[in-house]
Amino acid sequence: MSAELPAKFFVNSGLVSNPVDIYHLLRPLLRQTVAYRYLRGREVVSHGTGWVERIVADRPDVSSFFTPLSICLSVASWEHLEFETRPDQLITYVLVQGDERVVLEFVPPPGGEGDEMIQEPLPFQTAPGYIQMELGSFDSPEAADGEGPGSGDPGGEAGADT
């Protein structure tokens, strides 16, 4: 008989410690603007708003980092993930490691009351007469390898197939 525990299910909130589940719950954050708060115990150590650039699974050599320009979320950095759906139907994520926590929340787009909240990337400011575009990096090792759990490269970056 297998000693494996049966799969669980969660509806709108929960606490997950399985790295694959953490990865799948974090995937909607990819290429989104989020507000983050870093807490040690009950003290807020740092906070800010940043762009989720990478979500990495099964790569203990890759750290999570949070800056206003770029956020990398490594599943291996965290003991577990707590999530909860707020009344406005957006999700609050809490990544936990020991007594340290990082709280992540989607940043609502600018708008007035009653506007529908849509999770979307923070627009870049461009100078008049210039066109901004994002180019894929086909030469990078991550682009050459598979992505995410179960793709052959268990630590690849998620979301490059958009």
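**Entry 1: His80**

I began with the contacts of His80 in this predicted model: leaving out residues up to four places away in sequence, His80 touches Leu15, Val16, Ser17, Ile22, Val94, Leu95 and Val96, where contact means heavy atoms within 4.5 Å. I then placed His80 in strand β6; helices (H or I, at least four residues) and strands (E, at least two) are DSSP runs numbered from the N terminus. Is His80 buried or exposed? I found a relative accessible area of 14%, so His80 is buried. The classes are buried under 20% relative accessible area, exposed over 50% and partly exposed in between, with a 1.4 Å probe and protein chains only. I also noted a polar contact of 3.0 Å between the side chains of His80 and Glu82. A polar contact is a pair of N or O atoms within 3.5 Å; within protein, one must be able to donate a hydrogen and the other to accept it, and residues adjacent in sequence count only if both atoms are side-chain atoms.

**Entry 2: conventions**

I number residues from 1 along each chain as its sequence is written, and side-chain values use heavy atoms, with hydrogens and water left out. The model being predicted, local features need pLDDT of at least 70 and side-chain atom pairs count only at pLDDT 80 or more, whereas totals for chains, interfaces and linings use all residues.

**Entry 3: the sheet**

I traced an open sheet of eight strands with mixed pairing, in the order β1-β6-β7-β8-β2-β3-β5-β4; two strands pair if DSSP finds at least two bridges between them. Its edge strands, each pairing on one side only, are β1 (13-16) and β4 (65-66). Phe66 stands opposite Ile71 in β5.

**Entry 4: helix α1**

I followed α1 (residues 19-26) onto the sheet, where the helix touches β1, β3 (43-56), β5, β6 (80-85) and β7 (91-97). The direction of α1 makes about 40° with that of β6; axes are lines fitted to C-alpha atoms, for helices over the stretch in contact, and angles run from 0 to 180 degrees between N-to-C directions. Which residues of α1 are buried? They are Ile22, Tyr23 and Leu26. These residues cover an arc of only 100° around the axis, which puts them on the same side of α1; the arc is that of the directions from the helix axis to the C-beta atoms.

**Entry 5: the core**

I looked up the largest nonpolar core and found 23 residues, with Leu26, Leu29, Leu73, Tyr93 and Leu104 having the most contacts inside it. Such a core is a set of buried Ala, Val, Leu, Ile, Met, Phe, Trp, Tyr and Cys residues joined through side-chain atoms within 4.5 Å. At least two residues of this core come from each of α1, β2, β3, β5, β6, β7 and β8 (100-106). Not counting residues up to four places away in sequence, Leu26 touches Ile55, Leu73, Leu81, Tyr93 and Leu95.

**Entry 6: positive phi**

I recorded a positive phi of about 55° for Asp58, which is not a glycine. Asp58 is in the loop between β3 and β4 and, at 39% relative accessibility, counts as partly exposed. For Gln89, also other than glycine, phi is positive and near 70°. Gln89 lies in the loop between β6 and β7 and counts as exposed at 58% relative accessibility.
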